Amino acid sequence: MSLTKPLLNSTKLTSSIPPLGGRGLLILHGFLGMSDNWKTIGMQFAADGFEVHLLDLRNHGRSFHSDEFSYEIMAQDVYDYCKANNLEKINIIGHSMGGKTAMLFAATYPEIIEKLIIADIGPKFYPQHHQIILEGLNAVDFLKKPSRSGVEAILSHYITDFGTRQFLLKSLYWTTPEQLAFRFNLAVFNKKIEEIGKPLPANVVFRKPTLFIRGGNSSYILDADFENIKKHFPNSRIKTIPNVGHWLHAENPKMFCEITSLFLKE
């Protein structure tokens, strides 16, 4: 029996432009998301000459399921992925849960990181706020073999926002020609949902260039959070994309790519 730890699933994107030193770019999705959410943006970065790695974090997408779930272990997963793929110098973009993972990873392994970009999440504690979404997901009984439209109808009783429902439905897949399932590990999220809101440890500091990008209509990063961000990331700046919410990269991908590209090319 093999005791080798499984690696994260990834999609690698490159272009005809040869990647240069320090041009590796890892992208980490948010809670209940997957690497496919970032494929369009990833292709733009690949066209700029980056070697892009879109990762599925554990218990998400096509990566392995595990009863262990925390920021510490997800940061270790990312490190193991880098070592297995000989990635010695990288840039990293993380959104929401992926952003908190990227923060801890960067502070733990600063020698690997060139630049860090965090999308709409801060290092602070966040109260649990996914209860309604989890209720909706748990209301789906796949033993009754619902159709895709049937799953959406169930979710609509709990989740009124169309965009959020479509985001969640991207993780639906056919296990057989008649049986749907979610790719993410809902059972573990039910047990360990409090892990998502945990703050960065108080003593964590990352001193390399860092960019925080927040949505103008989002409450995840407030003006009052700037001091705490600077405490953990003294070499950081904060940019705001107006008129977008928490999914800022999906709502205004053009401005998101412009801001991130300028920072990465400095």
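**Strands, a helix and a pocket**

Reader: What stands opposite Gly24 in S3?

Author: Glu51 does. Keep in mind that this is a predicted model.

Reader: What makes S2 and S3 count as paired?

Author: Two strands pair if there are at least two bridges between them. Strand S2 (residues 24–28) and strand S3 (residues 51–55) have 5 bridges, and they run in the parallel sense, so by that cut-off they pair.

Reader: Which order do the strands of the sheet follow?

Author: S1-S3-S2-S4-S5-S8-S9, which is 7 strands in an open sheet with mixed pairing.

Reader: Why are S1 and S9 said to stand at the edges?

Author: Strand S1 (10–13) and strand S9 (236–241) each have a single partner strand, so one side of each has no neighbour in the sheet. From one strand to the next, the twist averages 15°.

Reader: How do you know that helix H3 packs on the sheet?

Author: Contact means heavy atoms within 4.5 Å, and H3 (residues 97–108) touches S2, S4 (90–95), S5 (113–119) and S8 (210–215). The direction of H3 makes about 145° with that of S4.

Reader: What lines the largest pocket?

Author: Its lining has 34 residues, with His95, Phe167, His246, Trp247 and His249 nearest the centre. The volume of this pocket is about 720 Å³. Helices H1 (39–47), H6 (162–169) and H9 (248–251) each give at least two residues to the lining, and H6 has the largest share, 5 residues.

Reader: How do the lining residues of the largest pocket divide?

Author: Into 16 nonpolar, 14 polar and 4 charged.

How values were computed: Residues are numbered from 1 along each chain as its sequence is written. This is a predicted model: local features need pLDDT of at least 70, side-chain atom pairs count only at pLDDT 80 or more; totals for chains, interfaces and linings use all residues. Side-chain values use heavy atoms; hydrogens and water are left out. Helices (H or I, at least four residues) and strands (E, at least two) are DSSP runs, numbered from the N terminus. Axes are lines fitted to C-alpha atoms, for helices over the stretch in contact, and angles run from 0 to 180 degrees between N-to-C directions. On a 1 Å grid over the protein atoms alone, a cavity is a set of points where a 1.4 Å probe fits but cannot get out, and a pocket is an open set with protein on both sides within 12 Å along at least five of seven lines; lining residues have an atom within 4 Å of a point. Grid points are joined across faces, edges and corners, and a volume is the space filled by probe spheres set on the points. Ala, Val, Leu, Ile, Met, Phe, Trp, Tyr, Cys and Pro count as nonpolar, Asp, Glu, Lys and Arg as charged, and the others, Gly among them, as polar.
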